[in-house]
Amino acid sequence: MQNYQLNHLDQLESEAIYIMREVAGQFEKPALLFSGGKDSIVLVHLALKAFRPGRLPFPLVHVDTGHNFEEVLQFRDYLANKLGEKLIVRKVEDTIQRQHLTEPKGKFASRNALQTYTLLETIEEFGFDACIGGARRDEEKARAKERIFSVRDEFGQWNPKLQRPELWNTYNGKVAKGENVRVFPISNWTELDVWNYIRRENIELPSIYFAHERTCVEFQNQLVALSEFVQLEPSDKVVKVGVRYRTVGDMTCTAAVPSQARTLDEVINEITVTRTSERGETRIDDRASEAAMEDRKRNGYF
Amino acid sequence: MDILRFITAGSVDDGKSTLIGRLLYDSKSIMVDHLETLEKQSKNKNEDGIDLALLTDGLRAEREQGITIDVAYKYFTTPKRKFIIADAPGHVQYTRNMVTGASNSDLIIILVDARHGVAEQTRRHTLIASILAIPNVVVAVNKMDLVGFSEDVFNNILIDYHALIKDMNFRSVQFIPLSALNGDNIVEKSEKITWYEGVSLLDYLETIPLENAINLEISRFPVQYVVRPQTPELHDYRGYAGAIRSGIYRVGDKIQVLPSGLESTITKIEIGEKEVQEAFAPQSVILHLADDIDISRGDLIVRTEENNQPTLSKEIEAVLCWMDDSKPLAKGNKYLLQLNTRTVRAIVQEVEYKIDVHSLEKIQAPEKVLLNDLVKVKLKTAQVLAYDSYKTLRENGGAILIDETSHTTVGACMLE
Ligand SMILES: Nc1nc2c(ncn2[C@@H]2O[C@H](COP(=O)(O)OP(=O)(O)O)[C@@H](O)[C@H]2O)c(=O)[nH]1
């Protein structure tokens, strides 16, 4: 007898495709936020499954902080080009000039907070009413309560108290003018689900997800890539080590993981046994305060 | 490996947070850095050791007030299953959050404090589970350590609970005596509860059959989006994209499009650009039909050769949970009603009665319908809706009401 049970990856895939199509069905001007990181690469893969042989009903949009890894930017352009889909890039640098923003200072000065300004500018420039993002609920405590369709006001702000009830598989995409919705199709995926899906579907990733030699600065037990954006001090310990990245953000606030895992299987083996969370191991920005993510989200951050 | 989605419910202090914390902790789903934060916070609270309950608290306001307000989703995986927990608050003023969490759940864990037995909250949570048609119930009788692991206490709760649900229709009801704090019967079978012959909670969650979670007898396919590439090579390509909500569709099936009633035959089924001969719920697919008929988002494609056809009507009765905290529901109000992909205008024709969530009695013609109220209503829609009774087919019987001015979701309707 035929087995009419879907395994967990098929269920998650089907749900994500359904959510993408709801975006296409309900909104006038959606966009897919594409950073070249693994979660957004998976989003693009899912979008292809949802809309091919048609074209994607939305452009890919990247907010470039200017502190991105070169390998990732190259991959971003390569993928958009290969698929023949539209890629819109907006630079934080330009927003800084236009809005006279102050650059954060310090050792690992991060433009993480500034990218919110560019994102909001871009949303306004194109009149996007929905932005699809690759955030997952397992990443962080504030994210655990985020809706799949998450409404943001004119200032891009998220108000955890005013979230809409979200029932069954019914997503309410109605918004007032000026408001927009952030949509998270892989909300219910865990980090390991993403990796297992990448393996199953044979999805290409930028090289920095696999072990390579890199010159890093050791900081509070974390390894930060040495780059022109990091201010070295004489006391700093600079080391050349085998590392891979578990997440990809700004060079200044993403830490590398010591690793020898050169293949997808080896990476998945390492992640399966690790007892440190994805953000805990790789994000310097979350350490500032217990509620760091919640505060950033209120201000329009993804 | 498949997925079990469940919700946990209990009165304040029954040990819900401790229980979830225990499941996550013992299944090694809590990461070291999160544990460190927990230890720090536990110290802040002047408690020794780790307070497992802190794990499930998300937002700062909640941390400060020390209560759970919203629905938070938690994930853990064992070699057998992936689990998605909807952690919803228990107080009566958060009924809407519980309804939200319950809408997607295959199972509910209802916590009962062994010392207090079946309480007012237990009744309310069970009623909501029944209205939302959650198929499986686990009654977790917690804090058994405080009643000397007594079999009599457990059996009395079992008898009381059976009386409570005698008119309700759950597929399965399981009772498990446990102590969340000490981990008795959570992951491993307790050595202290020797008289209990069943399995541990986790064992039960890992093995409860899910084959019947989705109805495969009745086929419902709401059209989400029409894929029309309109390129020279794919000039005639026209595919209807959507997720099969229930049932099975095969190439060659005769179908009908509702509400228009137009008929055709399935000529091709695609899943992510691969052709298949059949597809089933909850797969996301693209259907192709033999005839070029008018179909758009919001239409429902059903198989003509099935006995169970949806109701086609503009007059709809429903049990409704009111979710707006700023405006009451009243007769004559107009809303948008969204059922799967179809959205129509609807007017409230009558509020028949309100269900008292404590006594479970019906209060006829209530004066006001406020946040968290459960009421029976008659709605009239501007266009015909093709729907099923929620009791028979959850997948095509749950609709939301949207306020056209605030755009927010204000009601959950279980159609009859
Ligand atoms: N003795 C005992 N205490 C428990 C048990 N489970 C939870 N508690 C305690 O009951 C109190 C309330 O638990 P908590 O998980 O916060 O309850 P919630 O309000 O339902 O989330 C806490 O002090 C727990 O330590 C149990 O099995 N035995």
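Predicted model: local features only at pLDDT ≥ 70, side-chain atom pairs only at ≥ 80, totals over all residues.
For Ala180(B), a backbone N or O atom is 3.0 Å from a ligand oxygen, and for Ser179(B) a polar side-chain atom is 3.0 Å from an oxygen atom of the ligand. Polar contacts are pairs of N or O atoms within 3.5 Å. The ligand taken alone exposes 580 Å², of which the protein buries 75% (Shrake-Rupley method, 1.4 Å probe).

The shell around the ligand comprises 5 nonpolar, 6 polar and 5 charged residues. Of these 16 residues, Asp13(B), Lys16(B), Ser17(B), Thr18(B) and Asp145(B) come nearest; a residue is near if one of its heavy atoms lies within 4 Å. Helix α1 (residues 16-26) of chain B gives the most to the shell, with 3 residues.

## Helix α6 of chain A

Helix α6 of chain A spans residues 191-201, and its buried residues are Glu191(A), Asp193(A), Val194(A), Trp195(A), Tyr197(A), Ile198(A) and Glu201(A) (buried: under 20% relative accessible area). Helices are DSSP runs of H or I with at least four residues, and strands are runs of E with at least two. Asn202(A), which follows α6(A), has a positive phi, near 60°.

## A nonpolar surface patch

Leu226(A), Leu232(A) and Val238(A) form a nonpolar surface patch with about 230 Å² of accessible area together. Patch residues have over 30% relative accessible area and no salt bridge, with nonpolar side chains joined within 5 Å; a salt bridge is a Lys or Arg side-chain nitrogen within 4 Å of an Asp or Glu carboxyl oxygen. Leu226(A) lies in the loop between β8 (222-225) and β9 (238-244) of chain A. Because its relative accessibility is 35%, Leu226(A) counts as partly exposed.

## Basis of the values

Residues are numbered from 1 along each chain as its sequence is written, chains are lettered from A and ligands numbered from 1 in the order in which they are written. Local features need pLDDT of at least 70 and side-chain atom pairs 80 or more, whereas totals for chains, interfaces and linings use all residues, and side-chain values use heavy atoms, without hydrogens and water.

How values were computed:
Patch = residues over 30% accessible without salt bridge, like charges linked within 9 Å, V, L, I, M, F, W, Y side chains within 5 Å. Buried < 20%, exposed > 50% of the residue type's maximum accessible area, 1.4 Å probe, protein only. Polar contact = N/O pair within 3.5 Å; in protein donor to acceptor, adjacent residues only side chain to side chain. Nonpolar A, V, L, I, M, F, W, Y, C, P; charged D, E, K, R; others polar.
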